[in-house]
Every structure is written in structure tokens, then in C-alpha cells.
Amino acid sequence: MHRSGRFRLFFLALIGLLPSFLKRVCYRLFFGYRIGKRVQIGFSVLDAETCQIGDDSRIGHLNLVIGVKDLTLGDHVRIGHLNIIRGGDEVTLGRYSELLRLNEINSMPEPDVVNPVDPRFSLGPGSIITAGHKIDFTDRVEIGRRTIIGGRNSSLWTHNRQRTLPIRIGDFAYIGSEIRMAPGASIPSRCIVGIGSVITGCLTDEEHLIAGVPAKPIKELESEDKFLIERKTRLDLPDDV
């Protein structure tokens, strides 16, 4: 994990107060960040060892990115307000993805575990994380293409006291409010996960409604259910995403 000194963070906080066009200049000049065209950055702190932001991306106010080794945002990414992204070797938000507000995406520094860890977080192209979710990526977390972590207050955990295991969510999935994912859990593509479900293992059946404690496939999705996962996640989403 990239570690930040107090002076660096103080300097980044001062840059965060500048207008967006001056931020872009300072990030490029003083920190070597690669920032694309028409990028808008609000009153936020972006602290990464390396950073690349694609064209037409927008970052709102009062976001804190701290101690990330490699931060990559594709083109047309939207980050709302009051999100925290902390730690890890790699954080990637795919093109046209969204992180709305009040989310915490965190990797524990130097965890006391008995296995190797891979602290990487990946949000697929066209995918959305809505509000108030907590995602631990002490080990790898992969969220696929055009998937929605919907509602509020879901939590994904890759570690317990002694071990870590990665978490994966497939493409075209819809995840309801207040779900829990345990270390090593996975959700297949093209599924809907019901409110309050607890996923403790590797589920494999695609095109199913998943629900329960512990969660399991309940029934195959019908045509009206599939509309929820097949509809574009953004009005401006290109057909090739």
C-alpha cells in the first residue's frame, strides 16, 4: 500500500480547494497524474502513487482517496460526494461506471493473516455502486460489467481474523439492499440478489433469483425479471459497454 506523509496530504488538501482547471495542472505538474480532457474534480483529496483519469470523468465534493498505490478511472466515470477509497495496490473504475455517495471502499494495511493477499478492487464498465455500501478489499474484489450494487448498506468482506479470500460478482447482476458477502463468496452473472441476502459460498447458476440466509438460487428469472438486469445502467451508456 502507498503510504502518505503529512506534508503530502496537507499539500493535496490545499490543491483540493482550487478550481478544477487548476487542480488538473497541479496534479500533473507536482504528482505526475495523467488526467484526460474535460475532467472535472470537486473539493476532494486524491492521493495515489500513480493516477490515471480518462476523458470526461467527474469527481464530486468531499471525496477522500488516500494511500492507494495505483488509481485508474476510465473515461466518463462519475464519482459523487462523500466517498472514501483507502489503501490497496490497485483501484480500477471501468469506463462509464459510477460510485454515487457515502460509500467506503477500504483495504487493511499489512493485515495479520496467514495467506498471501491481493488487495485490488475492480468495478467493471457501466457498473454502479449506489449509496452507503462498505466494501473491504484486503483481498481482491471484482465486480463485473453493467452490474448494480443497489439500495443501501450492503457489505462485502474479504477477510476474517486470520485469512483472506477474494470476492467476485459477475456481469449484468442486480444486488439488492443490505446484502452481505463473506470471504470467498461469488455471485454469477445475470442474477438478481434479494434484499437482506447473505452469500457465504460460490454460487454458479446464472439467470436466477438468489435470496435467503444463507443465500441460494430460488427460481429462474422470467422475461420481466431479465429487463431489470438487461436495461442500460446509464442513458449515455454506449452499446459496446
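Two strands count as paired when DSSP finds at least two bridges between them. Strands themselves (E, at least two residues) and helices (H or I, at least four) are DSSP runs, numbered from the N terminus. With that in hand, here are the views.

This is a predicted model, where local features need pLDDT of at least 70 and side-chain atom pairs count only at pLDDT 80 or more, while totals for chains, interfaces and linings use all residues. Residues are numbered from 1 along each chain as its sequence is written, and side-chain values use heavy atoms, with hydrogens and water left out.

**View 1. The whole chain, before zooming in.** You're looking at three helices and 24 strands. Of the 241 residues, 48% are buried, where buried means under 20% relative accessible area, exposed over 50% and partly exposed in between (1.4 Å probe, protein chains only).

View 2. Strands of a sheet pair through backbone hydrogen bonds, either parallel or antiparallel.

**View 3. The hairpin made by strands 23 and 24.** Here strand 23 (residues 208–212) runs antiparallel to strand 24 (residues 215–220), with five bridges joining them. Two residues sit between the strands of this hairpin. For a landmark, find Leu209: opposite it in strand 24 is Lys219.

**View 4. Strands 12 and 15 side by side.** Strand 12 (residues 128–131) and strand 15 (residues 148–152) run parallel and share three bridges. Look for Ile128, whose bridge partner in strand 15 is Ile148.

**View 5. Strand 11 and its two neighbours.** On one hand, strand 8 (residues 90–93) pairs with strand 11 in the parallel sense over four bridges, and Val91 stands opposite Phe121. On the other hand, three bridges link strand 11 to strand 14 (residues 141–143), again parallel, with Ile143 as the bridge partner of Leu123. In a regular strand the side chains alternate between the two faces of the sheet. Strand 11 has Phe121 and Leu123 on its covered face, and Arg120 and Ser122 on the uncovered one.

**View 6. Pro125 in its loop.** Pro125 lies in the loop between strand 11 (120–123) and strand 12. It counts as partly exposed because its relative accessibility is 32%. Leaving aside residues up to four places away in sequence, Pro125 touches Gly94, Arg95, Arg145, Arg146 and Val241, a contact being heavy atoms within 4.5 Å.

**View 7. Asp240, in the segment after helix 3.** Helix 3 covers 223–230, and Asp240 is found in the segment after it. With a relative accessible area of 62%, Asp240 is exposed. Asp118 is another story: 122 residues from Asp240 in sequence, and 29 Å away in space, C-alpha to C-alpha.
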